[in-house]
Amino acid sequence: DVNAQQETVIMMIFTSLIGISSLLVGTFFTASATVWLSNLDASKRDFTRKLKVLQEFIQTYKHCVPPDLKRRLFLYLDYNQQYNHELNVMEEMLSGMPKQVRTAVKLATTQDLIRKVR
């Protein structure tokens with residue numbers, strides 16, 4: 001009878017630890033998702049603001065800016081947005097990793113660009 005009570009207590013402790021662990025893990029993932037979505041929203045707002053400024057600039061100087069330059073300006077803004085998004089994703093992924101790993105990943109992902117600059 002004492003043995004059964006000890007097993008019951010051990011099972012209750014184990015169950016409590018599993019419950020607490022699942023709450024902590026759930027909280028961590030919820031917080032991470034919230035931060036990621038917040039950063040994504042801020043990035044989108046920044047892009048929208050830059051796009052609006054570019055549109056106002058082109059509208060103001062429409063007689064001076066040739067169509068090809070307009071197209072290149074919009075393409076550059078789009079490219080810059082995509083590059084910054086990819087960079088932010090990489091920084092988020094690499095945060096907390098050792099410096100050697102971060103350096104190796106950044107070198108590996110920019111090798112093509114480095115080769116083109118040479």
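Mentor: A residue is called buried under 20% relative accessible area, exposed over 50%, and partly exposed in between. The model discussed here is predicted.

Trainee: Is Tyr61 buried, exposed or partly exposed?

Mentor: The relative accessibility of Tyr61 is 39%. Buried requires under 20% and exposed over 50%. Tyr61 therefore counts as partly exposed.

Trainee: How many aromatic pairs does the structure hold, and is the pair of Phe57 and Tyr61 stacked, edge-to-face or tilted?

Mentor: The structure holds one aromatic pair. The ring centres of Phe57 and Tyr61 are 5.1 Å apart, with their planes at 45°. Planes under 30 degrees apart would count as stacked and over 60 as edge-to-face, so the pair of Phe57 and Tyr61 is tilted.

Trainee: Which class of accessibility applies to Phe57?

Mentor: Phe57 has 38% relative accessibility.

Trainee: Which residues make the nonpolar surface patch of about 430 Å²?

Mentor: One of the residues in this patch is Leu87, which lies in helix 2. Leu87 counts as partly exposed at 32% relative accessibility, and a patch residue needs over 30%. The patch is made by Tyr76, Tyr79, Tyr83 and Leu87.

Trainee: How far apart in space are Arg71 and Leu107, C-alpha to C-alpha?

Mentor: Arg71 is found in helix 2, which covers residues 67–94, and counts as partly exposed at 46% relative accessibility. In sequence, Arg71 and Leu107 are 36 residues apart. In space, their C-alpha to C-alpha distance is 31 Å.

How values were computed: Residues numbered from 1 in each chain as written. Predicted model: local features only at pLDDT ≥ 70, side-chain atom pairs only at ≥ 80, totals over all residues. Heavy atoms only, no water. Helix = DSSP H or I, 4+ residues; strand = E, 2+ residues; numbered from the N terminus. Buried < 20%, exposed > 50% of the residue type's maximum accessible area, 1.4 Å probe, protein only. Phe/Tyr/Trp six-rings, centres within 6.5 Å; stacked < 30°, edge-to-face > 60°. Patch = residues over 30% accessible without salt bridge, like charges linked within 9 Å, V, L, I, M, F, W, Y side chains within 5 Å. Areas by Shrake-Rupley, 256 points an atom, 1.4 Å probe, with all protein chains shown as cover. Salt bridge = Lys/Arg side-chain N within 4 Å of Asp/Glu carboxyl O.
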